[in-house]
Structures are given as structure tokens and as C-alpha cells.
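Please keep the sequence and the structure in view while reading.

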Amino acid sequence: MNAVRAVVASEWRFVDDPDAPLDSRPFQRWVYSIYPSGQVFVTVEATGRTKSWSPPGLGLAVTIASPGDDPWQTNISPAPVYATLRSQPRDTVLVYMLNPGSGSASIVEQTDLQRRRVSLVAGPPSLGAPGEVVRWASQLVLGSSGEVPDADAAARAVEYSQPAPIRVEVGSPVVLSLEGTGGASHRADGFDPSTGTYDLTPDQGRVRFVLDGRKRPFFSPAFRVLGAKDHEAWVYVNHLILSKVARDPGGNLVFQLPETIRQSTMVEVLFRRPGG
């Protein structure tokens with residue numbers, strides 16, 4: 001955890017063969033990247049099937065309590081694929097967005113009246129061959145209903161599913177093609193849907209890019225600059241220094257713009273070797 005985000009990981013292993021090594025056993029793994037803005041980016045990986053176990057299907061479920069006197073109102077959109085759960089008495093909303101590369105074509109609602117809870121469930125594209133790993137990438141936003149109206153929920157889903165108008169003037173976006181990652185790879189603009197950051201590399205100690213929020217809003221966008229582990233760093237937003245910056249475990253610079261960007265905004269990152 002740092003001043004910009006907290007990353008929480010969890011893993012389960014299932015003993016289908018007591019004599020097999022631990023690394024070869026079926027597993028489920030969750031990684032949550034949690035930001036102060038209420039945005040949570042989630043990557044889930046699971047063993048689809050094994051030679052001795054073949055389930056009828058797998059689903060990625062988000063579940064929330066739903067007392068009978070305080071029901072949650074559900075709205076599900078097919079394109080882009082997202083859903084909202086609203087509780088008017090609590091003034092609370094949960095927005096659940098799927099990365100289109102995950103292959104899930106829809107979200108379905110499942111209500112358990114006896115346990116008073118409601119789940120939003122997305123299925124995988126396929127279970128694949130025995131031992132193959134199924135992956136999802138998604139984003140959750142938890143906030144006040146007044147702060148996240150229906151129009152903003154739809155705009156957030158569009159932002160997560162489609163490239164946003166970021167213009168890199170100095171430096172380069174990180175672009176990777178990872179086969180079979182369930183969409184948890186970088187887009188052409190450097191956005192990593194599994195962690196919620198635009199990943200960039202500097203050019204001669206500098207990165208500069210422009211976000212044009214007039215065309216489409218950016219909701220508290222986060223950024224990671226790679227390749228400057230041993231350098232001092234300064235981040236400027238419209239020529240004003242941004243104080244809340246941090247390093248991830250790999251030494252990469254991480255920062256977030258804390259508000260919704262609805263105008264043209266320039267961001268510049270400067271690096272210098274200590275004593276240079």
C-alpha cells in the first residue's frame with residue numbers, strides 16, 4: 001500500500017491430487033487495485049477445468065447484501081457491459097464494469113431472498129482445455145448515488161471499455177499483446193484494465209501528455225511511469241506540482257489525478273538522477 005493505491009491479493013489452491021506439487025493444483029486468484037476515488041480494478045484468474053474435474057461453467061460474481069426493507073435497484077447494460085446497483089435509502093451506488101477483452105458477453109442478476117443478497121454474475125468465454133487458466137478484468141466503483149448518476153455510470157463504462165483521447169507528446173505508452181490474458185493487457189494508449197493505470201515510459205527523463213476531457217471525461221485517471229526506478233521525480237498538472245505521488249514495489253512512479261477531468265489538461269513528469 002502507498003499514498004496512491006492499495007493492492008490486495010488473495011489465492012486459493014485446491015487439492016485434487018495429494019501427491020502433486022502445489023504449483024500444479026487448481027487455483028483461484030484475486031488481485032484488487034484500490035484507489036481513494038472509490039475505483040477498484042480487479043483481476044481474477046481461475047483454473048477452468050482439470051483432467052479429473054470439469055464444472056458446467058464458471059462465473060465472476062459481485063455480491064452485496066440486500067435487506068428486505070432496503071432493496072437494491074439493478075440496471076444492466078449490454079453494450080458496454082456494465083451494471084449498477086442502487087440503494088436510495090443508503091444513498092449508495094455500486095457500478096460493475098467488465099473489460100470487453102474478458103469475453104463475457106453479459107451480466108445476469110441472481111437474487112437470494114432467503115439470505116437477502118443480490119449478485120451480478122458474468123461468465124467466462126469458455127473453460128478451455130484441462131489446466132487452462134480463465135481470466136477476467138473488471139472495475140468496481142462504490143460511491144454516493146448523487147455523485148455517480150446514471151449518465152456518469154454509463155460514461156465510466158465507456159471510458160473503461162474504449163480508448164480515451166490521451167495524447168502523448170514526450171515519452172511512449174506501454175503497448176503489450178498478451179495472448180490469453182482475458183483482456184488484462186495494455187491498450188494502444190497504454191491503459192492497463194487490470195490495474196487502472198495508463199502505463200508510460202520516459203524519453204530522456206521526461207514524460208508529457210494531454211488529456212482532452214472536453215471530448216470525453218476522465219474519471220480520476222491514474223498513471224504509472226516505468227523505467228526510472230533510481231531517479232527523483234516531479235509531476236506537474238497544468239504547471240502546478242502534484243504532491244501525492246508514490247512508487248510501486250518495482251520502483252515505478254504511480255500517481256492519480258483526484259478529480260474528474262472535463263477540460264484539456266497537460267501532465268508533465270520530470271526525472272533526475274540523485275546528485276545529477
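Where is the place of N238? N238 lies in the loop between β18 (232-237) and β19 (240-241).

## Basis of the report

The model is predicted: local features need pLDDT of at least 70, side-chain atom pairs count only at pLDDT 80 or more, and totals for chains, interfaces and linings use all residues. Residues are numbered from 1 along each chain as its sequence is written, and side-chain values use heavy atoms, with hydrogens and water left out.

Helices (H or I, at least four residues) and strands (E, at least two) are DSSP runs, numbered from the N terminus.

N238 is not a glycine, yet its phi is positive, at about 50 degrees. With a relative accessibility of 32%, N238 counts as partly exposed. On this scale, buried means under 20% relative accessible area, exposed over 50%, and partly exposed in between (1.4 Å probe, protein chains only).

H239 is also placed in the loop between β18 and β19. Its phi is near 75 degrees, a positive value in a residue other than glycine. H239 counts as exposed because its relative accessibility is 64%.

## A cis peptide bond

A79 and P80 are joined by a cis peptide bond, with omega about -10 degrees. P80 belongs to the loop between β5 (73-78) and β6 (81-87).

## The cavity

A search of the whole structure finds one cavity of 30 Å³ or more. The largest cavity has a volume of about 110 Å³. Its lining has 14 residues, of which Q39, F41, E159, F191 and F219 are the closest to its centre. Two or more lining residues come from each of β3 (39-47) and α1 (150-161).

A cavity is a set of points, on a 1 Å grid over the protein atoms alone, where a 1.4 Å probe fits but cannot get out; lining residues have an atom within 4 Å of a point. Grid points are joined across faces, edges and corners, and the volume is the space filled by probe spheres set on the points.

By residue type, the lining of the largest cavity comprises eight nonpolar, five polar and one charged. Here Ala, Val, Leu, Ile, Met, Phe, Trp, Tyr, Cys and Pro count as nonpolar, Asp, Glu, Lys and Arg as charged, and the others, Gly among them, as polar.

## G146 and V170

G146 is found in the loop between β10 (133-144) and α1. G146 is exposed, with a relative accessible area of 60%. Along the chain, G146 and V170 are 24 residues apart, and their C-alpha atoms are separated by 38 Å.

Note on methods. On a 1 Å grid over the protein atoms alone, a cavity is a set of points where a 1.4 Å probe fits but cannot get out, and a pocket is an open set with protein on both sides within 12 Å along at least five of seven lines; lining residues have an atom within 4 Å of a point.
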